[in-house]
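Reader: Please take me through one part of this model in close detail. I would like the rings and the helix packing around them.

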Amino acid sequence: MVRPIQQIETDLDALENQVSAIAQKIEKAYEEYIEQLGETLQNQLVFSVYQICTQEYPEGFLKLSLSQQQALQKQIRDLAQEAQANLKLGGAVLQQIEWNDEQAEALEEMLSEQESVTEDSETRTETEVNAEALQRLLNSGQQEASNSEDNSPEQVRVWCHLQVEAITLLLENVSSQANEILQKAGILPQEFPKEMIDAALHSEGTGVMSNRSPGVLHLTLELERKHQSGSSQTDENEVIQLAIVRLRAGELEFVTPHLNTKRRALRHLEQQLQQLDEQYRKLTRERAIAQAELAWRSSWHED
């Protein structure tokens with residue numbers, strides 16, 4: 001038997017108060033996680049570049065003059081500091097990211113689920129629209145998460161999902177910039193275009209992570225080279241090993257106990273949110289049934 005609507009509404013109000021409390025805890029937990037992630041990222045980026053310059057491509061680093069070596073190190077330090085600051089800024093930095101087609105497609109799919117997506121394609125590129133739309137969603141999600149008067153579990157889950165997306169994209173962007181710096185300095189091989197290296201950053205299951213550094217990815221690539229012998233030209237495939245910077249949250253958490261602890265705290269809160277979400281769905285379903293029964297009785301009349 002369906003309960004009275006007023007009783008269901010009372011239970012929903014109580015549940016939304018619990019969701020509001022969890023949302024505030026999640027927001028605080030994300031602040032602490034991002035603070036720790038920023039410190040880990042800064043240290044790991046420098047260490048990963050150190051590994052590439054000294055263990056993977058020592059000859060390339062030794063070819064640089066002292067001033068060039070110092071300039072390279074400063075660029076990496078500046079990038080690390082900028083990355084740490086950007087993590088604290090959250091999604092605000094996303095507008096500065098240069099989006100590739102794969103990221104744009106993934107974001108477009110995610111954004112299509114949100115009713116607030118607007119299109120203004122006359123003067124802007126698709127990727128610019130995506131970045132701005134995601135920025136709006138991040139801001140919207142942050143506002144909704146902190147608004148105790150309108151705080152459904154689904155809104156909080158969307159906010160959490162966007163934080164994860166923002167962190168992933170920021171780490172990919174930092175990795176891409178680090179590889180670009182290394183390639184311009186002549187450390188990484190020149191024959192690989194930036195697009196190929198970036199594709200490896202975004203692909204799952206590509207390459208093998210270094211045992212010495214979690215931020216270094218080893219790739220085995222096959223290149224087709226043309227060889228001139230007299231008047232004839234032949235094509236030969238050459239297998240080349242490539243080591244690049246690739247920073248990912250899961251791998252940084254694996255090697256950093258403090259960061260892993262922060263992630264576990266977030267997972268625990270998100271599990272509690274999931275339980276509240278299930279209760280919320282049951283109550284809203286029960287309310288809909290009660291309202292439908294009331295509407296049926298109100299509209300019924302004998303001929």
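Author: **Around one tyrosine ring**

The charged end of Arg-263 sits over the ring of Tyr-33, 4.5 Å from the ring centre. That label needs NZ of Lys or CZ of Arg within 6 Å of the ring centre and within 35 degrees of the ring normal. This is a predicted model: local features need pLDDT of at least 70, side-chain atom pairs count only at pLDDT 80 or more, and totals for chains, interfaces and linings use all residues. Residues are numbered from 1 along each chain as its sequence is written, and side-chain values use heavy atoms, with hydrogens and water left out.

The whole structure holds four aromatic pairs. Rings of Phe, Tyr and Trp (its six-membered ring) pair if their centres lie within 6.5 Å; planes under 30 degrees apart count as stacked, over 60 as edge-to-face and the rest as tilted. One of them joins Tyr-30 and Tyr-33, edge-to-face, with 6.4 Å between centres and 85° between planes. Both tyrosines lie in helix α1, three residues apart, about one turn of the helix. Helices are DSSP runs (H or I, at least four residues), numbered from the N terminus. Tyr-30 and Tyr-33 are both buried, meaning under 20% relative accessible area with a 1.4 Å probe, protein chains only. Ring pairs link Tyr-30, Tyr-33 and Trp-159 into a cluster.

Now the packing. Helix α1 (residues 5–56) and helix α9 (residues 257–299) have axes that come within 9 Å and cross at roughly 160°. Axes are lines fitted to C-alpha atoms over the stretch in contact, and angles run from 0 to 180 degrees between N-to-C directions. The two helices are therefore roughly antiparallel, a label for angles over 145 degrees. Their contact residues divide into 20 nonpolar, eight polar and 10 charged. Here Ala, Val, Leu, Ile, Met, Phe, Trp, Tyr, Cys and Pro count as nonpolar, Asp, Glu, Lys and Arg as charged, and the others, Gly among them, as polar.

Conventions. Parallel < 35°, antiparallel > 145°, perpendicular 65-115°, else oblique. Buried < 20%, exposed > 50% of the residue type's maximum accessible area, 1.4 Å probe, protein only.
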